[in-house]
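I am opening my notebook on a structure that is new to me. I will take it piece by piece.

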Amino acid sequence: MPGDNVMAASGDTIVAVATPPGEGAIAVVRVSGPDVSTIIGRVIRVVGTGKLVSRRVALAWVIDPGTGKKIDQVMAVYMAGPRTYTREPTLEIMCHGGRASTEAVLEGVISAGARLANRGEFTLRAFLNGRIDLTQAEAVLDAVRAPTRAGVEVAVDHLSGSLARAIGSIRDNLIAVDADLEATFDFFDDDVPAIDSTVLRARVDAVREQVDTLVRSARAGRIRRHGWRVVIVGSPNAGKSSLFNALLDRPRAIVTDEPGTTRDTIEETLDLDGVAVILTDTAGWPVDNRRELGVVERIGIDRSHDVVKGADAVIHVVDGSGYSRDGFETHRMRISTLAFGAIQVIAITKADLGQDPTLHAQMTTHMGRTLAVSAVTGAGIDTLRRTLGELAGEATRTGGDGSPATSVVVTNPRHVALLARASGALQRAVKGISAGLPDDMVATDLREGLRVLGEVTGQTVTEDVLSKIFSTFCIGK
Ligand SMILES: Nc1nc2c(ncn2[C@@H]2O[C@H](COP(=O)(O)OP(=O)(O)O)[C@@H](O)[C@H]2O)c(=O)[nH]1
Ligand SMILES: [Mg+2]
């Protein structure tokens with residue numbers, strides 16, 4: 001089973017179909033390794049010249065190395081190493097994109113001496129041969145799997161080495177501090193002066209802050225990659241589902257004048273200026289205790305609680321034609337408790353029915369963003385959409401929680417976990433310095449920080465971790 005042993009020696013030549021299975025105009029068969037030239041000699045016959053020149057596309061026949069029979073007519077590119085994806089000599093064959101034709105070409109290359117590649121083995125070779133670091137290797141998969149345009153942007157940015165450079169520079173700073181510290185106890189009988197603990201602590205703390213900036217960027221990274229989560233809440237019958245439909249511009253949720261119509265949460269994704277906004281309509285929370293709740297409605301209300309807990313922003317829908325101050329305050333408290341740190345937008349709806357003129361002013365004093373809307377006439381819906389788009393865009397830069405915008409964002413959970421660990425090690429070092437612990441104990445924490453940072457970029461990674469990462473790749477990548 002391919003993928004079981006990604007760490008196989010890279011001395012042999014590997015082959016895989018790089019395009020998805022099924023019928024397509026073309027399929028790409030990729031070959032990499034030291035025997036590429038020999039394999040070309042056995043299976044490729046260039047039309048006209050007979051020879052394949054490095055980095056020149058050529059029309060060619062793939063032939064069966066046993067019988068000499070033509071297997072397919074293809075376009076072929078040979079690239080001599082080391083300026084290739086894997087740093088090895090490579091061959092890419094663009095053949096007819098049918099299952100059978102692709103398989104025949106693959107088999108031809110295998111019978112000429114190549115072995116079927118494991119998952120991610122091309123990218124693994126690029127990493128092992130030092131062409132890319134681990135964050136770039138992981139970005140390859142992130143780019144393929146990114147669900148949104150903004151997600152692709154982050155992956156491509158990482159592919160260019162932005163994260164590798166950011167972590168590399170943090171590591172360099174830490175190595176410098178560690179070297180100065182270790183010099184004091186490695187050469188204690190020479191004339192190396194003891195390092196001033198206030199200066200040392202400040203230097204370690206500055207590195208810790210750099211690490212924490214990256215950790216904090218994870219929220220912005222998650223929003224770019226997966227979308228900004230907005231949850232609509234308010235009393236039953238406030239007009240939540242109507243507003244949900246108006247924002248989507250289609251009748252997705254059922255609307256009636258009966259309270260408790262929406263029982264389950266409904267989720268739909270809107271694209272606002274290239275950012276995915278994941279909009280959820282909820283059952284809402286009744287504040288009127290007199291009404292008897294059904295079992296299903298009760299569950300719906302619990303679900304509303306759960307989605308609000310994971311929200312980046314909440315649209316608090318208030319029925320402007322039947323405003324209850326108590327209801328509003330109860331909801332506001334609940335939102336603030338459940339979705340601590342989430343952005344709150346207040347939509348005073350049913351504007352077409354007329355609203356208490358003091359209402360808007362009252363809300364505005366509560367918090368910044370209050371808009372009058374009507375799901376019936378459509379008034380204010382574009383403004384609300386625009387406001388959400390601006391907030392979502394802002395959140396992709398800052399996470400929406402007031403953190404400063406960072407140019408590099410972390411999206412990969414493995415990276416986030418390691419960076420948090422590095423930050424922990426540096427915090428311990430800072431505490432140790434303050435407490436006057438011996439230098440070698442402080443140095444242990446610094447080296448732990450270094451090791452963990454190196455695990456992000458792949459400098460200090462174990463084979464197990466590599467196997468785990470590359471086994472999630474596709475074959476041919
Ligand atoms: N006039 C008017 N009626 C509305 C508006 N929005 C919702 N409604 C009505 O209010 C009732 C409850 O709406 P619904 O969207 O189901 O509220 P929900 O329970 O909060 O989801 C329905 O009868 C809707 O037709 C609006 O903007 N203007
Ligand atoms: Mg509803």
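I began with the end of helix α14. Gly-458 follows α14, and I noted that its phi is positive, near 100 degrees. I keep in mind that this is a predicted model.

Next I looked at α14 itself. The helix runs over residues 439–457 and has 19 residues. From first C-alpha to last it reaches 27 Å, close to the 27 Å expected at 1.5 Å a residue. I then listed its buried residues. Among them are Asp-439, Val-442, Ala-443, Leu-446, Gly-449, Leu-450 and Leu-453. An α-helix has 3.6 residues a turn, so residues three or four places apart point the same way.

I turned to the domains. The protein chain is divided into domain 1 (14–132), domain 2 (144–223 + 409–458) and domain 3 (227–379). The C-alpha centres of domain 2 and domain 3 lie 42 Å apart. Their contact takes 4 residues from domain 2 and 6 residues from domain 3. On the domain 2 side I found 2 nonpolar, 1 polar and 1 charged residues.

Then I went to the ligand. Which residues are the closest to ligand 1? They are Gly-239, Lys-240, Ser-241, Ser-242 and Asp-257, out of 21 residues that surround the ligand. Helix α8 (residues 240–248) gives the largest share of this shell, 3 residues. By class, the shell has 6 nonpolar, 11 polar and 4 charged residues.

Last, I checked Val-53. This residue is in the loop between β3 (44–46) and β4 (58–63). Is Val-53 buried or exposed? Val-53 counts as exposed because it has 12 C-beta neighbours inside 10 Å. Its C-alpha is separated by 15 Å from that of Val-74, 21 residues apart along the chain.

Key: Residues are numbered from 1 along each chain as its sequence is written. Chains are lettered from A and ligands numbered from 1 in the order in which they are written. This is a predicted model: local features need pLDDT of at least 70, side-chain atom pairs count only at pLDDT 80 or more; totals for chains, interfaces and linings use all residues. A residue is near a molecule or strand if its C-beta atom, placed from the backbone, lies within 6 Å of it. Helices (H or I, at least four residues) and strands (E, at least two) are DSSP runs, numbered from the N terminus. Ala, Val, Leu, Ile, Met, Phe, Trp, Tyr, Cys and Pro count as nonpolar, Asp, Glu, Lys and Arg as charged, and the others, Gly among them, as polar. The expected span of a helix is 1.5 Å times one less than its number of residues. A residue is buried if 20 or more other C-beta atoms lie within 10 Å of its own, exposed if 12 or fewer, and partly exposed in between; C-beta atoms are placed from the backbone. Domain bounds come from an automatic or database domain assignment. Two residues are in contact if their C-beta atoms, placed from the backbone, lie within 7 Å.
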